[in-house]
Amino acid sequence: MFAQITVEELGRYLAETSADKLQLVDVRERYEIELAALPGFAVFPLSEFAEWSDAIDDRLNRDTETLVLCHHGVRSAQMCEWLSDRGFSNVKNIIGGIDAYSMVVDRTIPRY
């Protein structure tokens, strides 16, 4: 199983935690990221799972805290479950996704 965090917590994480202590993962489609994105997130679109899944251990560290983002929190929960099943020990789903983040934390992030 995996933990969940709110978008308010994400805002604090991004403001207070050094980037080398976090892995930020966005599983939305590339066209969605063009519409609205947060800096520092690695892009792993779920539709391209077959293309990047075999190399995930080369791209992410299993022990580093990993925060996963999508539009509303559903696809990111799927990614969190998959990462947890692969032995990632500190995975957190961002509840409400970038849509909630844009409404609650940073209104300059476009909604779509």
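Author: Strands β1 and β5 run parallel to each other and are joined by three bridges. The model is predicted, so local features need pLDDT of at least 70 and side-chain atom pairs count only at pLDDT 80 or more, while totals for chains, interfaces and linings use all residues. Residues are numbered from 1 along each chain as its sequence is written, and side-chain values use heavy atoms, with hydrogens and water left out.

Reader: What counts as a pair of strands?

Author: Two strands pair if DSSP finds at least two bridges between them. Strands (E, at least two residues) and helices (H or I, at least four residues) are DSSP runs, numbered from the N terminus.

Reader: Which residues of β5 are buried?

Author: Buried means under 20% relative accessible area, exposed means over 50%, and partly exposed lies in between (1.4 Å probe, protein chains only). Val-91 and Asn-93 on one side of β5, and Lys-92 and Ile-94 on the other, are all buried, and both faces are covered.

Reader: How are two packed helices described?

Author: By the angle between their axes and the distance between the axes. Axes are lines fitted to C-alpha atoms, for helices over the stretch in contact, and angles run from 0 to 180 degrees between N-to-C directions. The axes of α1 and helix α6 (residues 97-104) come within 9 Å and cross at roughly 80°. That makes α1 roughly perpendicular to α6; angles of 65 to 115 degrees get that name, under 35 is roughly parallel, over 145 roughly antiparallel, and the rest oblique.

Reader: Which residues of α1 and α6 meet?

Author: Contact means heavy atoms within 4.5 Å. From α1, Val-7, Glu-8, Leu-10, Gly-11 and Leu-14 meet Gly-97, Ala-100, Tyr-101 and Val-104 of α6. These contact residues comprise six nonpolar, two polar and one charged. Ala, Val, Leu, Ile, Met, Phe, Trp, Tyr, Cys and Pro count as nonpolar, Asp, Glu, Lys and Arg as charged, and the others, Gly among them, as polar.

Reader: Which residues of α1 are buried, and which are exposed?

Author: Val-7, Leu-10, Gly-11 and Tyr-13 are buried in α1. Seen down the axis of α1, the buried residues fall within an arc of 160° (taken from the directions from the helix axis to the C-beta atoms), so they line one face of the helix. The face turned away from the buried side carries the exposed residues Ala-15 and Glu-16. What covers the buried residues of α1 includes β1, β2, β4, β5 and α6.

Reader: Why is α6 largely enclosed by the rest of the structure?

Author: Six of its eight residues are buried. They pack against α1, β4 and β5. One of these residues is Ala-100, which counts as buried at 15% relative accessibility.

Reader: What does Ala-100 touch?

Author: Leaving out residues up to four places away in sequence, Ala-100 touches Val-7, Ile-95 and Val-105. Ala-100 and Thr-6 are 94 residues apart in sequence, and 8.9 Å apart in space, C-alpha to C-alpha.
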